[in-house]
Amino acid sequence: ELVSSRKILKDAVKGNYAIAAFNVHNMETLKAVIKGAVEMDTPVIIQTSQSTVKYAGIEYLVALVGTAAKLSSVPVVLHLDHCTDWELAKKCIDAGYTSIMVDGSMLSYEENVALVKKAVEYAHLRDVTVEAELGRVAGVEDDLSVEEEKSLYTDPDLAVDFVEKTGVDSLAIAIGTAHGVYKGEPKLDYERLSAIRRKVDVPLVLHGASCVPDESIIKAVELGINKINIATELKMPFADAIKRVFKEKPQEDDPRKYFTPAMDAVTEVVKHKIGLCSSAGKA
Ligand code: 13P
Ligand code: ZN
Ligand code: NA
C-alpha cells in the first residue's frame, strides 16, 4: 500500500527505531529495494532526487512505485528527496508522491521557514508529508553539492523554533554525516543529536548515511534518529556488479543477465541497513 510517512514515522518515534529510505533510479533498483523490505517485513521509503525525476519522469516514477506498493505486503512511501524547486515539488504532489523534502538548507533561516511553511500548507491539504532540513549536510547529492567548510551543524534551540513555526512533519539534522563516501571515518555529534531529540518531538532524519559505520548508525537510531537515507551505498554495489559481469563476459547483451546480479547486490545492502534500523517486523 502506498502511504504518506506520517504514521510509519510516528510509530518509529514511539518505538525508538528508524525507517530506512533508499534512493532509486529505475525499475531494477526499485524492485531490489522492495524485495529487501518485504523480506524484512518493514515499511520502506522509496525516494527520488529531483534529478532522478528529470531523468525518469514523474509519471513513470509514480506508476512504478504505485505498482510496487500495490503488489507488496509492506507500506511504501514515495518521497521526493532534496527538492530545491517548489514548482517541481508541487507537480510531484499533484502526480501522486506521498511525501516530499523541501531543501532550504542553502537559504537564510527566514527564507527556509517561509519555504517549508508554504510546502506544509500545500502538502497537508493533500495528505502528503513534508521533511525539511535545518543546518546543512556536506557532500554531493546528485545535482546538489555542499563543501565541507560550508556545512553547518543543526542548532537544537533553533530546531524548536523551526518546527513550531513551520509545522514540518520530520526534520533532517546535520550532526556530522555527509552525502557520498567519507575521506576518514565520520564523527557523529551524538550529544547534539540527544539535545535535539530532547527538545523536539518530530521524527529526525539522518542524511548521508552511506558509508557510516554500522555501530554509528545503530547508536544514532538508539539516540533518536527515525529515518536514515541511503543513496551511494546502493549505487556502488549496483554498478560494481554490472562491471563484474562485463569484465567476465564483455559480449553479454542480455539486460536480464547483467541486471540480475546487480539487483541481488542492492537487496543485500537494503536488508543489512534495515537490520541496523531495528525496523524489521514493523510492517
Ligand atoms: P548517501 O549518498 O551518503 O547515502 O546520502 C543519501 C542521502 O542523504 C539522500 O538524501
Ligand atoms: Zn540527503
Ligand atoms: Na554518506
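Which order do the strands of the open sheet have, and what is its pairing? The order is 7-6-9, and the pairing of these three strands is mixed; strands (E, at least two residues) and helices (H or I, at least four) are DSSP runs numbered from the N terminus, and two strands pair if DSSP finds at least two bridges between them.

The model is predicted: local features need pLDDT of at least 70, side-chain atom pairs count only at pLDDT 80 or more, and totals for chains, interfaces and linings use all residues. Residues are numbered from 1 along each chain as its sequence is written, chains are lettered from A and ligands numbered from 1 in the order written, and side-chain values use heavy atoms, without hydrogens and water.

Select strand 6 (residues 138-141), which pairs with strand 9 in the parallel sense over two bridges. Gly139 has His179 in strand 9 as its bridge partner.

**The zinc ion.** Proceed to ligand 2, a zinc ion coordinated by His82 (NE2), His179 (NE2) and His207 (ND1) at 2.0 to 2.1 Å. Donors are N, O and S atoms within 2.8 Å of the metal (3.2 Å for Na, K and Ca); water is not among the atoms, so sites may look incomplete. His179 and His207 are both buried, that is, under 20% relative accessible area (1.4 Å probe, protein chains only).

**The barrel.** Next, display the eight strands of the closed barrel, which runs 1-2-3-4-5-8-10-11 with parallel pairing. Finally, select Gln47, which stands opposite His79 in strand 3.

Definitions and conventions:
Buried means under 20% relative accessible area, exposed over 50%, partly exposed in between (1.4 Å probe, protein chains only).
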